Every structure is written in structure tokens, then in C-alpha cells.
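Good morning, and thank you for coming.

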Amino acid sequence: MATILTIYTLLAAGLALSLIKSKEKTKKAFKIAGKGFYKSAPSLLAVLGIVGLTLGVLTPEMIAKLVGAEAGFAATILASVIGAITLIPSLVAFPLAGSLLRSGATVMTISAFVTTLVMVGIVTAPLEIKEIGKKFTFLRNGLGFLAALAIAGIMGVLLS
Amino acid sequence: MKTIKNFTAPILVLFVFLGLAVWMPDTAVRSSLVTWDYFKEMALILPPVFILMGLMEVWIPKSKIQSWLGRGSGIKGAMIAVALGTLPTGPLYVAFPMTASLIRKGASFTNMVVFLGSWAALKIPQLMVEIKFMGTAFAVTRFILTLMALMLIGLLMENILRRYPDKEWVANAKK
């Protein structure tokens, strides 16, 4: 809700200002918007489908079973791979992570899951590549994955 | 023909859904429901985002973006990037087209990595949920470590992408 409110408030303010200053330029802005939307539409649709598929297969129960069944280092690696692939809304991800932690998963494993979840987005990569390019996407996600593992390691040491 | 080529990816995804519907109908239903949920969210969020981008493209001159978020913007630029990223503005895919147009307008790669990273990892509403379920120590430690990591990755990527630019992307961006 906050999201939608923020965006529409910004839009209303921006549009009003723009219309007062110049109708011509506002029209041009809409043209640019339309072109951008048209260009992104196919990858957006694909990403939507992929997100649905991963979440359909990797349900919270499934993730709990996978991460809970393994122990130690293997669990941490598995958790980071699952986190890197999926795109789970924080309202689902944090309660899940919290309950896994309470049911016995290590801090390192849960940190790996959370950090890769937010820093690496494999399902959204097609869109990122389309908009910002292959090199940027591979570097950002690759380095993000390594950083996420390092952060998980440090958190495991600091917090357990 | 070009239109069909553009839609190769979504058509492939559609086939996966059809395959699932035949062999694993339960999963197919679950996946479709999730996709539909995200579709509704996108339909609501994306049109205003693209219009805002258009307005930015038209009204904010390149020199402004360069001085706010460009290579010489230093710590101030990074702070602007973090502030923009942590605002409650929706899912990460919204940020990709924004980032692309900011780069075209002269923002540095460092600041854009920090921007995208804060958007995904340090969003304020998300932190509230994190504190509630994971505790303050967990959330604060992760926040600080992530911010440091983002700066490092950003500086590293700036160096790499300046030295070896993504030629394919640069050529496409000019169109």
C-alpha cells in the first residue's frame, strides 16, 4: 500500500508540474514512457512467469524441508542457492527464515538465505540484462553472490 | 517477425506452464496464482513508473544527474543513491529501467550498484519486517555489512566497466 501511495503521489506531483510548465514536453515524456514500456514488456512477462514457476515449485514448506534436512556447510550452500534463484516477498521470506532459525538452522545458513535472496536475482536477470546489459548483470549478481556468502560467514561468527 | 522474436522468452515460459499443467497440475495452479498476483501488482506499479521516467528524461538535464550521481559525486552521490533505494517504491524489477536511464544520463556505475543494492536489500518497510521476525541484531548487522559490500562491489564494477565497457549495451542504448 505504501508503495502504491508513494508512486502515485510522485506521479501526480510530477505530472502537475510538468503540465503547468509545458504541454509539449509532457507529451514527449509520455512518448518516452510508452516506448520504454513496449521495449520491456516481453521480458517483464517472461520474468512474471518464471517468478510464478519458481514459487510454485519452491514453496515455503519445500524450502523448509530442503534447508532443514541438510546440516552444516551443505545446508548453508543449499540455502544460498535457493536464495539466489528465488524472488520471495519479504513478508513471506522473513517469517520463514525466522521459523527455520528457531527450529534449529544455524545463523550462517539463514543469513546465507536472506542475503542471497536480496542481493542476487536470477529470475529477474532476463529483465536486468535487457535494461542494463549482460556484463553489468553478470558482474552485479556474481559479485553479489560472493559478497552474500562472505556476509553470511561473518554473521554466523558474530551472532551465534 | 521481429515482434515474434521479442516474445520468444514469454512464449517459452508459457510452454513450461502448459507442460506443468499436464504432468503436475497442482504446481501449475499454484504457479499461475502467483504469476497472476505479481501481474496485478505490476499492472498497478509499472505505468506510473514509466511515466515518471519519461518526465525525468524530459525535465532533468544530464548535467544535474551527473553532478548528483556521476563519477565525481563522491560520498554525497552514494548517500543520494542509498536514500533513493531505501524509499518504499516497490519490487526490484521497477528499478532496472530507472537505472538504465540514469546511466544514460551520466550516473556512475558505483552509485547505480549501490542504488539497486539498497533497493533490493535495504528497503525500509522490508527492514521493519526483518526486525520483527529476525531481531534487531540480525537486521542491523546485515544492514551495515551489506552497505559496505555494495560500496566495494560498486567501486570494483566501475573499474571493470570503464576498462571493458559493455559494447553491445552501449550500441543498443544509443538507438
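Of the 175 residues in chain B, 39% are buried, a residue being buried if 20 or more other C-beta atoms lie within 10 Å of its own, exposed if 12 or fewer, and partly exposed in between, with C-beta atoms placed from the backbone. Please note that this is a predicted model, in which local features need pLDDT of at least 70 and side-chain atom pairs count only at pLDDT 80 or more, while totals for chains, interfaces and linings use all residues. Residues are numbered from 1 along each chain as its sequence is written, and chains are lettered from A and ligands numbered from 1 in the order in which they are written.

Chain B contains 10 helices and zero strands; helices (H or I, at least four residues) and strands (E, at least two) are DSSP runs, numbered from the N terminus. The C-alpha trace of chain B spans about 55 × 50 × 30 Å along its principal axes. Its domain assignment, which is automatic or taken from a database, gives domain 1 (1–44) and domain 2 (60–174). The centres of these two domains of chain B, taken over C-alpha atoms, are separated by 30 Å.

Let us turn to one helix. Helix α5 (residues 74–86) of chain B has 13 residues and reaches 19 Å from its first C-alpha to its last, close to the 18 Å expected at 1.5 Å a residue; the expected span is 1.5 Å times one less than the number of residues. Which residues of α5(B) are buried? They are B:Gly77, B:Ala78, B:Ala81 and B:Gly85. These residues lie on the same side of α5(B) because they cover an arc of only 100° around the axis, the arc being that of the directions from the helix axis to the C-beta atoms. On the other side of α5(B), B:Ile75, B:Lys76 and B:Ala83 are exposed. The cover over the buried residues of α5(B) includes α4 (62–69), α7 and α9 of chain B.

Finally, the partner chain. In all, 67 residues of chain B are in contact with 66 residues of chain A, contact meaning that the C-beta atoms, placed from the backbone, lie within 7 Å. With 22 residues, α3(B) gives the most to the side of chain B that touches chain A. As for confidence, chain A has a mean pLDDT of 91, and 98% of its residues reach 70 or more; pLDDT is the predictor's confidence in each residue, from 0 to 100.

Methods: Contact = placed C-beta atoms within 7 Å.
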